[in-house]
Amino acid sequence: MSYKIAGAAAAILLAASSAGHAETLKFAIGQKGAWTTAMVDYGTRQGFFKQEGIDTEIFWTEGGAPTVQAVIAGSADIAIDTGILGVIGAYSKGAPLRVISANATGAPEIYWYAKASSGIKSLKDAAGKTVSFSENGSSSNLVLLALLEHNHVTAKTLASGGMPATLTQVLTSQIDVGWAAAPFGLKELTAGQTVIVAHGNDVPAIRGETVRVNIVATSTLEQKRAVLQRFMRAYAKTIDWAYKSPQAIDYFAEANHSSKEIAEKALKEFYPRAEMELTKIEGLDLILKQALDYKYVPHAMAAADVKDLLTIIKP
């Protein structure tokens, strides 16, 4: 056997050995189909996590509290793209959580819509009516409360769950105004069945605020810091790839059962690259004020009170 052949055989054996000792991470991720929730899926398909010695297991939630609870209960190692107010609220009550990265700054992709025949054209028209968000503690919950406050509107807010269920409730007049994240619902908008009444970034302060984060349990951080570092490396690589690759558009269209043209339009118009900044928690003072104002925490909190919560792992 030549040295070249022997070297190749050794490389194969090494690769097999590495694959056999890959670390499995379990992910709880809200709202399948949104761009900012898709990166673990995309990175898995492209092999970026495998390159870092990580196997992934994903289960999808409807966002908010169920996603956070999956980490607290130990059924998930990492919760991806979950609302920061829900995390702070759970932490203030003693939940052993740590934020390892930001995931979404601002909310350009979230919008609220009504059935075209309802006569509701703006959020002000929704005064006294039912307006929904996904789940308690979600970013859509936070943004809706900020939108109503900004527009001086009092409405009946309720959790409507996922985007398909919400659309059904709006079209059947069970709720007046529903929520969605592009590209979901763009087909109905284009067909004139629905109209947009508000965008997430209509509130100026929201545009520069971290609204969703990636979290782990304290024990996971202590026991798996090295693999979490590798995870963040692969995660950042996936985001960079996704904003450049036509393949990511195909994945995006597939997940939303939409055309490639609609997926491209959604990415271009609703998901700026700057939204997915991982290393900074922006607008912390405002976040903590909102946590108190919207009754997520029992008392006022300062940055020092959440110092241990924010344990950012840089790629």
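The largest nonpolar core of the predicted model comprises 107 residues, among which Trp35, Tyr42, Trp112, Phe231 and Tyr235 touch the most other members. Helix 10 (residues 218-242) gives the most to this core, contributing 11 residues. A nonpolar core is here a set of buried Ala, Val, Leu, Ile, Met, Phe, Trp, Tyr and Cys residues joined through side-chain atoms within 4.5 Å. Buried denotes under 20% relative accessible area, exposed over 50%, and partly exposed the range in between (1.4 Å probe, protein chains only). Helices (H or I, at least four residues) and strands (E, at least two) are DSSP runs numbered from the N terminus. In soluble globular proteins, nonpolar side chains tend to be buried together. Tyr42 is in contact (heavy atoms within 4.5 Å) with Trp35, Thr238, Trp241, Ala242, Ala248, Tyr251 and Phe252, its neighbours within four places in sequence being left aside.

Residues are numbered from 1 along each chain as its sequence is written. Because the model is predicted, local features need pLDDT of at least 70 and side-chain atom pairs count only at pLDDT 80 or more, whereas totals for chains, interfaces and linings use all residues, and side-chain values use heavy atoms, with hydrogens and water left out.

The secondary structure of the protein chain comes to 13 helices and 10 strands. Its radius of gyration is 21 Å, close to the 20 Å given by the globule rule for 315 residues, so the chain is as compact as a globular protein of that length. This radius is taken over C-alpha atoms, and the rule is 2.2 Å times the number of residues to the power 0.38. The C-alpha trace spans about 80 × 45 × 30 Å along its principal axes. Of the 315 residues, 53% count as buried. Among contacts between residues at least 6 apart in sequence, 81% join residues at least 24 apart. The average pLDDT (the predictor's confidence in each residue, from 0 to 100) is 92, and 94% of the residues score at least 70. Over residues 1-19 the pLDDT is below 50, and this stretch has one contact in the model beyond near neighbours in sequence.

Helix 11 (residues 246-256) has Ala248, Ile249, Tyr251, Phe252, Ala253 and Asn256 as its buried residues. These residues pack against helix 2 (39-46), helix 10 and helix 12 (260-270). At the start of helix 11, a side-chain oxygen of Ser245 reaches to within 3.0 Å of the backbone nitrogen of Gln247. Just after the helix, His257 takes a positive phi of about 50 degrees.

In helix 12 lies Ile262, which is partly exposed at a relative accessible area of 24%. Ile262 and Phe252 are 10 residues apart in sequence, with a C-alpha to C-alpha distance of 9.7 Å. Apart from neighbours within four places in sequence, Ile262 is in contact with Pro183 and Leu186. Pro183 belongs to the loop between strand 8 (177-181) and helix 8 (186-190), and the peptide bond from Ala182 to Pro183 is cis, with omega near 10 degrees.

Ser160 occupies the loop between strand 7 (156-159) and helix 7 (163-171), and counts as buried at 8% relative accessibility. Its side chain makes a polar contact of 3.0 Å with the side chain of Ser132. A polar contact is a pair of N or O atoms within 3.5 Å; within protein, one must be able to donate a hydrogen and the other to accept it, and residues adjacent in sequence count only if both atoms are side-chain atoms. Residues up to four places away in sequence not being counted, Ser160 touches Ser132, Phe133, Ser134, Ala165, Thr166, Gln169, Ile175 and Trp179.

Met301, in the segment after helix 13 (284-293), counts as buried at 13% relative accessibility. The C-alpha atoms of Met301 and Ile88 are separated by 9.7 Å, although the two residues are 213 residues apart along the chain. Met301 is in contact with Ile88, Ser92, Leu288 and Val306, leaving aside its neighbours within four places in sequence.

Positive phi values also occur at Asp81, a residue that is not a glycine, where phi is about 60 degrees, and at Lys295, likewise other than glycine, where phi is near 65 degrees. Asp81 is placed in strand 3 (residues 78-83) and is buried, with a relative accessible area of 8%. Lys295 is placed in the segment after helix 13 and counts as exposed at 72% relative accessibility.
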